[in-house]
Every structure is written in C-alpha cells, then in structure tokens.
Amino acid sequence: MLGLSDEGGGVALIAVTVNGERREAEVEPRQLLVYFVREQLGLTGTNVGCDTSSCGACTVLLDGAAVKSCTVLAVQADGAEVTTIEGLSRDGELHPVQQAFWDQHGLQCGFCTPGMIITAADLLAGNPDPGDDEIRHALEGNLCRCTGYENIVRAVRQAAQAMR
Amino acid sequence: MATATEPTSPLIGAPVKRVEDPRLITGAARFLDDVRLTGLAHVAVLRSPYAHARIRGIDTSAAAAAPGVLGVYTGKDFEHLSPLPCAWQAGGVENHVATPRALEIDKVTFTGAAVAAVVAETPEAAEEALGLVEVDWEPLDVVVDPLRAVEEGAPQIHEAAPGNVCMEWECGDAEATASALDGADVVVRQRLVNQRLIPTAIEPRGAIGQYEPTAGQYTVWMTSQAPHVMRLLMTAFVFGIPETKMRCISPQVGGGFGSKIFLYPEYVLVAALAEKVGRPVKWVESRRENYVATTHGRDHVTDLEVGARRDGTITALRARTWANLGGTLSTIAPGIPTTLYGRMLSGAYRIPAIHCRVVGVYTNTGMVDAYRGAGRPEATYVVERAVDLVARELDLDPAEVRRRNFVPPEAFPYDPGILNGLSYDSGEYAATLDRALKLVDYESLRREQEAARGEGRYLGIGLSSYVEMCGVAPSAWIGTVGEGWGAGLWESANVRVHLTGKVVVTTGSQSHGQGHETTMAQVVAHELGVPLEDVTVEHSDTQGTPFGYGTYGSRSGAVGTVALYNGVRRVKEKARRLAAHMLEANVDDMVYEDGRIFVKGSPEKAKSIQEIAAAAAVAYDLPEGEEPFLDETAYYDPPNCTFPFGTHIAVVEVDADTGEVKLRRYVAVDDVGRVINPLIVDGQVHGGIAQGVAQALWEGAVYDEDGQLLTASLLEYGVPRADFFPPFEVERTETPTDVNPLGVKGAGETGTIASTPAVVNAVVDALAPLGIAHLDMPLTPERVWRAMQGARTGA
C-alpha cells in the first residue's frame, strides 16, 4: 500500500507549520505527507481514498495551494505551512466553504468532503466569483460518489457569495 | 391552526440541515481508518494473481522472518472456520453454493482472492513482507464470459456446479408469453448487455478485530451497512459461537452503494487474527484491492423479445438472462438477478404476458452482488429499452407508447402477475410523465431535434418511466414464500424519553451517508412535539442498538423509520395514560398535541411531554400497574414493499465527428411517497442520477481473457467528475402509500434505476437518422464513433 522500500534508510528532521502550529518531527524519507499528517500528527480528517492520486480525498493546502497529500513527501513540506480540514475553521467559526457545504447539503457520506472543501477554498482564494463551469473544472481532481456534485457546486457558489 | 397530528412547525417535510454534518465538515468524524487502539497491529492480505489456480503450497518462512512481522497465516490456519454463508439462496441455489473462506486453502477462482495474511507492527512492514510469501501456483484454464462459461467444454470452476451454472430461476407464464408473442402484430428482439460496474465508495473497505481471551469476546469494527447481520452471519455460520460473543461496530462509513452490505473474508480474518496474535489488528484495503476483491454489480446479458400491437400496446415480454455471479458467491448474490430483477420486468406498464428465465453463472471474475438499485436497474433497463424499441419499430412517439401502456391510477393496488403475491401499492405514472415532458419542453425539443438533423447534428431525447421496489421486506414473503431469503427483513427501534425530556432513539438501521440521524430525529421530534435538537439517534453498534437487517434497498425510511414511528406512538400512548392520571381525567379524553397533553376542550390545563417524562422517571406517583419510564421498543415488518416511480428525461448531443456524447440536460420527476426531508431526498436523487448516467456513458469493468481486471484503478475505471454533468433539474410528485403509516416509499435508488435507460434511449434516439436502433453500454466516444462509422459505411 505504501509501496517504497526504505533502502537508504535513515530519518529526516522536518519542521512544518500545521494549522498554525509549528511541528517538528522525524520522518522516513519515503513518508508521504498524508501519513505524516494522519499518523504522526493524529489529524485524521484528511482521508485516503485511492493509491493513484485520483480521488482527492487527501487534499490539503501547502503554502496556500491545494495539493494531494498522497503525492507529496513529508520532507517536501519541510519549512512549509500546511492547512488541513481541522485548521480551516478559526475561533470556532466555520469557514464559509464549510458553512456552505452544510447549508446546501453538499455532502452525504462525508469521506471526500475534507478534500473537496479544501479544493473549493483554494479555488475561491484565487477566483472570488467563479461560474459553474469554472467550479466544476476546479473540482475535477476530487471525486465524490454520493452527491452527483450538484449540491457541491451550489455550496461553492454560496461560499463565493459569502466571501465576496 | 394546529391539529393533533400536525404540529405548528411540521418537521416532517422540512428541509432540515443535517445534524451529522458538523463533524464531517470539520474533520472530526471517525471513519474506520481513524479508529485508534492501543497495541494495534496491521494486516496485509496476499491476493491471487491468477483468476483460476490451484494452491500447491505456500511458504511463509521468509515473510515471517521479515522485520516487524508478527505472524504470517494461510488458509490452513483457519480450516476450523466455515466458509462464508450465502444468505439469499434464490433459485434453488443450495446445491451449488461456492462461497469464499477467510483465506482460500486449495484453489482460487478469481484474481484478487485472499490466500495469505501478514500481521506486522506497521502497515509498511506488512505490505513489504507480502512480497516474501512464496505460493506454488498451478494455473488452470480460465473463463470470464458467462455465455462461454455455460458452453460445453468450458473450464469447470466448481465441482458442485456442473456447466458453471449456479442457479436457474424463472417467473411468469412461459406458455402464455409464447402464444402472446406468436399473436403480436410486431415482435422486436434485442440482446442487451448490462455491463459490470464497480461500486467505488470513496472510503475503501476496512476492518479492525479485537479479541478478549478471558471472556472469549470478539469486537469487530467494520465498514458495514449491516453490522447486526454481520454479527449474525459471522457468529452463527463462520465461528460457530453465540452472537453474545461478538460485538460489531460500524464507525462513520464513507459510502457503500451496496458494496458494504456483505460479509467479506477480511472481516472474519481480522477477528481470527486478533485471537491468533493476541493484539488488535487492522486491515484497510487499497483502492486496487477494492477493485479486485470488493463486490461488483450488474453484469447481465439478456435476450429480449417484446410483442406489441400496431398501436403500441405491449402484449408480451420475454427475457432470458445470463447473470454473471463471479468466481464465488457473495452474501446475497443470487437474490439480485432473481427476486429483485425478474419480478420487476413489468415496469410501469400493464403487460399481460411476461416470462423471465435467469441463469446464474460462475466465471473467473470478481464477486457480483447488489450495487445501488440491485436488480431493479437491470429490469428497468430491459423494460425501458423495450418500450423504445417498440416505439422505433412502429414509428411512434416513445412518450405516447409509455402513456398507452401505463398502469392507470384506478388499477392500484396492481398485481403485475410476477411479484409472487405482492402488488404495486400506489401510483400516478402519467402525472410524472406529463410533468417531465413539460419541464423539458418536449415539443420544442422535438422541433429543435428536427432542425438539428437538417444540419447534420445528432440531438437525442431519451425517456425512462420507471417503477421500483423499495422497503424490501415482508419477511413472510421474502423468507417463506419461496424467494429464498434466509431470514426475516423487519426492523426495530427503541425510543426512550429521559428524565430531562431528552429523547434517545436506537435503531438497527445503519447510515453511511443517508442522514438517518437527521430524518429519524425529524420524525421523532415531529411526532413527540419536542425540539429537533432534543432527539439523539444512535445506530451502527450491535451493543446498544436493537437488531436490524441494515441499510440497503431503500428500506431505512419505509421499514426502519416506521419501526421508530411505531415506538414513538407507544410512548405517546403511555404519556397519555400518565397525563390522565396526573390531571385526574379519563385517558380517552386526553389529546396529544405539539408535545402537550390535555383534556379535550381544555388545552390551557396541560402537561408537557417533558413533565410527563420526569414523572415517569422519578415514578413517585404512577397509575396502578404502570411501569416507570417512557421507554418503548417496536418491531416493524411491513405488509408489502413500496413502489416509487417517476419519469426521467435526458437530452444529449452526439458529436458527429468524435462520437462523444454530451449530456445537455437532465430532468427528473420522481414520486417517492411522502417526503420527510426534501433536502436529503434531492441529494439522494442527484447522486443516483450521476451513478446511473455513469453506467450509460463511462463506467464498465473490463476483464481480459486471462481474468485480469484491466480497470483496476481510478485511472482506468470511469468514475465521473464534476465537469461531466450539467445541473440536474429535479422535481417531485407526492403520492403516499398506505403500506406504512408514514406514507413513505424510499428514495435512495430511484435516480440510478431511472437514469441509465434515459441516457441510452437519448443516445439511440440521437443516432436514429443513421438507422442505429441499439448500442450497448458504456456509450464511450469510441463505441459510438465505431457505430456511426459502421452505419455510414454500411459495415
């Protein structure tokens, strides 16, 4: 599942600011960012849904840009800022994208949702007023099997309006 | 003005935002892979690279010596455990059952079958040690095509199933159908392939086993839609222990679509391994494992014959179907192409003569079982293609052929003659057709199509008017009247009003995205007249919830929620008795309204349900013979299934050069009976449409002739993305059912059932100018382009 052999071995010391908090850790060079976040930091909101970087459930913000954390090595995040779903809400207030997913019933089983919300937040950070086609295009790296995407698109529209 | 049954702000029917969402949108929800246990070890499963092979021997010594490995196990270590049970032995399957074991011992019959397991300190160590397990394989001849599998001389997969036939089943009247076909003005014949699909819940399957030796007690966390059934099957049929010795827990489950109903080898394995190694163990499948070893759906080949009069009246339908069940039988596999398929072949129409014959076939492919809709999409595909084929043959409008054949409103309850004693409950089929035609502006579209054809463009309009069967139960029907289900199908619930007036309900039903915690709370809060936030719904743990058969077949509303509703009614009855005592009045004069109980005509002198709950809990002054506490359990077994219906219309344009199908519009008018939460019902319909459209256009599992799954990852299998769809235009009519007191039918599968034929009908309609009358799915650009080229060149 995790594939790579650790020949060459050793560990690397990294320092990553995760959800605003500086975290230092020893990681194997082959350690993927998603497992660093999930297993070493215990932030299990970021999910793993595939082994081919296809589903986007593991999407986090790396220095403000949405990345699939199953496709980034933890060592590559050394010195960077990472935001996971747990860090999106501030001071007990839901992020407008989170609020919109709730309001618009933009989730059912909720497994893709953290990655979907992070990707939507990334879109809106760069494009405050996306059209439906732009929203659908931006979300094409995130698979949802429950919603047919209809209410996710509506949620992103609502969030865009709330953030403008 | 409020009445006794309608509170001032009715919660039933309100678009209440889901109470489960806060934990899901913040990352706080705990899915299986998020469960943390002290001393947890990790399991990796070695899977067969061959589709059909004998296991001559397995050498585990190198793997066992690898760093971090706690143990390596093969099937021989678990010979004492029985093979997994097949719980739905439809079609006299009992002599031909071949089900998986926790780990196969002698032989594998599909690529991906589990043959060895490594337990290690980390997932990485377990995975790496898998490569050191040496299996001495003897590959055998392979057959993957069900039609080839039943031919003479085909490789034989199971000794007990000669000719690879698992079961043969039929319904309807063979003679009457033959003679009706003989007498028909026209008979249209078509072979229809309903391709194999891979469910692809975004959360992979997984399981955690824990064993407590002093009590001999297992706990198994699993990604299951039916934890109570899993416990029953594992204890009674595999481990041979009382059900009290096992607890099954479904944590937050990330989608299922049927694939998480079943008992899988790995669930048994983690329990057995936890006992062997003396530590809790976890297994989570990779996506590749999910594709090769979790169940698939559909996979029918059907020879259809439909007879009609010149005016479009359908007089007979005959279907002969080969259902590919895979290399071994999954838990309820035989029931899907029989009870849930053959019995629905009348569709929404009065068809006087129907005969269906099904052959369930073993092949060297992955297991096939229920996938969203489960049999009903296959039936609806046959019927809705049949209607369009008749319309094409007779040059009639497909909308008019549907209208001509609909079961009329006055005919309900309607017995289509093939439901083994059940009848369609209620319906206004033409109303959904009329509404959908109006919504899509059918006449303008037909004019636009005519104009487009003049320009060499291929615009298509496809209809699908369906009826389906939800709330699958009556135990007395499915269990004892010959459908072959091995148990009952009732549901149960407990309703408890605590001293403070807060309500806790427990249900045997299970939610993996459907929003039970919200809709069930709505029903309870509405009926009891308490605030929604005062109701907590607990589910998915065999410890602390009453038995239930689980969530599938759109049965949580029509069966599980009705059990809950009946429990609430009992609580209300007791509350009325207690109020009568407290108010020194006659119980027959007590009115329950909006959470207050008072003497008829004197609403100012009332006791609230909270006051009564407190009085019942402290029990200082109860009426003679009354027990303390408001606490009621109810079991509900419906008298009939429910039958939602509707009409969907797809509008497509096919690219004349590339064959690419663009879905331009999608209109759905569904009738799911009374709606508890329209927000949730719409969401179910949206998701269902996406899955059904995906079958029509993009998805399909492909095995090569050696039995290797060529679509074994999300890179090869066409799960649709957001940019594949237009906005869905969804509306409803509401025809209640009298099958249950809530009037609900079921909404989880309608979208999937209706949409596949709507889209295929649209594409075939688009290509009508080329003389194309049928194409098999998925209608990928390549397939459509080849058909267009063939038609143009006369090839």
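In which helix of chain B is B:Asp765 found? B:Asp765 belongs to helix 18 (residues 750-766) of chain B. The views below show a predicted model, in which local features need pLDDT of at least 70, side-chain atom pairs count only at pLDDT 80 or more, and totals for chains, interfaces and linings use all residues. Residues are numbered from 1 along each chain as its sequence is written, chains are lettered from A and ligands numbered from 1 in the order in which they are written, and side-chain values use heavy atoms, with hydrogens and water left out.

View 1. Helices are DSSP runs of H or I with at least four residues, strands are runs of E with at least two, and both are numbered from the N terminus. B:Asp765 counts as buried because its relative accessibility is 14%; buried means under 20% relative accessible area, exposed over 50%, and partly exposed in between (1.4 Å probe, protein chains only). Its side chain makes a polar contact with the side chain of B:Arg446 at 3.0 Å. A polar atom of the B:Asp765 side chain also lies 2.8 Å from the backbone nitrogen of B:Ile461. A polar contact is a pair of N or O atoms within 3.5 Å; within protein, one must be able to donate a hydrogen and the other to accept it, and residues adjacent in sequence count only if both atoms are side-chain atoms. Not counting residues up to four places away in sequence, B:Asp765 touches several residues, among them B:Arg392, B:Gln449 and B:Arg453 (contact means heavy atoms within 4.5 Å).

**View 2. The salt bridge between A:Arg154 and A:Glu150.** The closest N and O atoms of this pair are 3.1 Å apart. A salt bridge is a side-chain nitrogen of Lys or Arg within 4 Å of a carboxyl oxygen of Asp or Glu. The two residues are separated by about one helical turn because they are four residues apart in helix 5 (residues 150-163) of chain A. A:Glu150 is buried, with a relative accessible area of 5%, whereas A:Arg154 counts as partly exposed at 28%.

**View 3. The salt bridge between B:Arg376 and B:Glu468.** Here the closest N and O atoms are 2.9 Å apart. B:Arg376 lies in helix 9 (residues 376-394) of chain B and B:Glu468 in the loop between strand 16 (458-467) and helix 13 (475-478), so the pair ties together parts that are 92 residues apart in sequence. Both residues are buried.
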